[in-house]
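I set out to record what I looked up on helix packing and on charged side-chain pairs. The entries follow the order of my reading.

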Amino acid sequence: MDWTLQFSILAPAFVAGVLVLATHIPLGREVLCRGIIFIDLAIAQIAGLGVIAAHSFGWEVHGWETQLIALSAALAGAWLLGWAETRLKQQQEALIGIVFVLAATGGLLLLANNPHGGEHLRELLAGQILWVNWPDLIPLAVLAAAYWLLAWLKPQWLPRLFARQTFYLLFAVVITFAAQVVGVYLVFASLVIPAFAVWREQAGSLRDAFALGLLGYAAGIMVSAWLDLPTGASIVWFLALAGLGYRLIGSRA
């Protein structure tokens, strides 16, 4: 086995997971507090619809035009859901579901006559984390560094950052770039599973959530490479197993 080649493929994938967790775990805790569990699926699907639309127009998947359309679509969806939090509080989850299914079926309609539509849709949902290159990680690295520098230097600003409309806009930006790197399914799992697993904890909950997330990503990447399984799906399952193990151990402590 060529370990140098293996490392050159697996290392960017693992770092991608670290960067996704660095932003998604704090956001995931906020999502659980607000009770809007499926918002990331909706916004990620909207961003994905933007990517599909841009691709239908003939633009490169990683071109700046595609990124602009995807981000604009996600920001518009985030604004709508942020508005619904104050105006339609009781119906917000229903609106999130409607937005998600419209974005998902809109993508199907745009890909209906594309001979490679099924492949594009699978890549959007499951991601291609094993084929991530180092330059692909720059936006995620910038977002993660900006958040944690703010949390370290100006922690008193975090409540403002998580205020209603600001939170939704931040969420849209983070989800847009993460979904294009790791896929919609892994974005949802990274956001919800580690935060949910430590939900009963107070002190050290972020630390424990990061540990679970890193374990899930490392195990999922290694097992998928060893057994030639889909990497994104493997990571989702190992994140769930890590979270389940944590809850079982915690319940016996």
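Predicted model: local features only at pLDDT ≥ 70, side-chain atom pairs only at ≥ 80, totals over all residues.

**Helix packing**

Residues are numbered from 1 along each chain as its sequence is written, and side-chain values use heavy atoms, without hydrogens and water.

Helix α2 (residues 39-56) packs against helix α4 (residues 92-110) at about 25 degrees, with the axes 8 Å apart. Helices here are DSSP runs of H or I, at least four residues, numbered from the N terminus. Axes are lines fitted to C-alpha atoms over the stretch in contact, and angles run from 0 to 180 degrees between N-to-C directions. The two helices, α2 and α4, are therefore roughly parallel (angles under 35 degrees).

I then listed the contact (heavy atoms within 4.5 Å): it includes Leu49 and Ile52 of α2, and Phe100 and Gly106 of α4.

**Salt bridges**

My search of the whole structure returned two salt bridges (a side-chain nitrogen of Lys or Arg within 4 Å of a carboxyl oxygen of Asp or Glu). One joins Arg34 and Glu30 at 3.1 Å, N to O. Arg34 and Glu30 lie four residues apart in helix α1 (residues 3-34), and so about one helical turn separates them. Both Arg34 and Glu30 are buried (under 20% relative accessible area, with a 1.4 Å probe and protein chains only).

Key. Buried < 20%, exposed > 50% of the residue type's maximum accessible area, 1.4 Å probe, protein only. Parallel < 35°, antiparallel > 145°, perpendicular 65-115°, else oblique.
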